[in-house]
Amino acid sequence: MRYKHLQGRRECAVGYTELLRGLRLRFGITDMPSFGYGEHGKPYLPEYPEVHFSISHCREAAGCLLSDRPCGLDIEHIHKAKESLVRYTMSEQETDAIFSAPWPDIAFTRLWTQKEAVLKLLGTGITDDLRHVLSSSDMDGISLHTTENLFRGYVITTATRNK
């Protein structure tokens, strides 16, 4: 209910509905879970420490990633690759890749979702140096999977810890 607009509240509700459905289907959890929150606001289930999840939504999509190990999910509508934002959030190499890509907006959104999914997995939120998230030593043991849905206009990335 923290969202000001009804659309944001609806998107969030879909994400949490998917969490409840996933908890039931994957882990057999049918009770309404209680939530705890990490130092930077990452939600977790204190009663089920073996269950990890990440929820994300945008105008075009909503979802929940469930795992038995730390994970992160980000879904974003395809953003305009504004030069000032790109230079603020991306490394020099990523900036060059974005502006030399056939579709810079998709390239920017792809990298943005990858960074945010990693930060969600780590539980730090967007407090770290965004430019170096994907090249840091924190990436050791993390797998990324990114999909662009051009028809609906969004990009989704999952980040999971390898076993």
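Buried means under 20% relative accessible area, exposed over 50%, and partly exposed in between (1.4 Å probe, protein chains only). The model shown is predicted, so local features need pLDDT of at least 70 and side-chain atom pairs count only at pLDDT 80 or more, while totals for chains, interfaces and linings use all residues. Residues are numbered from 1 along each chain as its sequence is written, and side-chain values use heavy atoms, with hydrogens and water left out.

View 1. Glu11 belongs to helix H1, residues 6-27 (helices, H or I, of at least four residues and strands, E, of at least two are DSSP runs, numbered from the N terminus). Glu11 is buried but has no salt bridge (a side-chain nitrogen of Lys or Arg within 4 Å of a carboxyl oxygen of Asp or Glu). The nearest side chain of opposite charge is that of Arg59, 6.5 Å away (Lys and Arg count as positive, Asp and Glu as negative; His and the chain ends are not counted). Apart from neighbours within four places in sequence, Glu11 contacts His57, Cys58, Arg59 and Ala62 (contact means heavy atoms within 4.5 Å).

**View 2. The aromatic cluster of Tyr16, Phe35 and Phe53.** The whole structure holds 3 aromatic pairs (rings of Phe, Tyr and Trp, the last by its six-membered ring, with centres within 6.5 Å; planes under 30 degrees apart count as stacked, over 60 as edge-to-face and the rest as tilted). Tyr16 and Phe35 pair edge-to-face, at 5.7 Å centre to centre and 90 degrees between the planes. Because Tyr16 lies in helix H1 and Phe35 in the loop between H1 and strand E1 (36-37), this pair ties together parts 19 residues apart in sequence. Tyr16 is partly exposed, with a relative accessible area of 28%, and Phe35 is partly exposed at 29%. Phe35 also forms an edge-to-face pair with Phe53, at 6.1 Å centre to centre and 70 degrees between the planes. Phe53 lies in strand E3 (residues 52-57), so this second pair ties together parts 18 residues apart in sequence. Phe53 is buried, at 4% relative accessibility.

**View 3. The open sheet of E5, E7 and E6.** The 3 strands follow the order E5-E7-E6 with antiparallel pairing (two strands pair if DSSP finds at least two bridges between them). Strand E5 (71-77) and strand E6 (142-149) are the edges, each with a single partner strand, so one side of each lacks a neighbour in the sheet. E5 is joined to strand E7 (residues 154-161) by 7 bridges, and Ile75 stands opposite Ile156 in E7.
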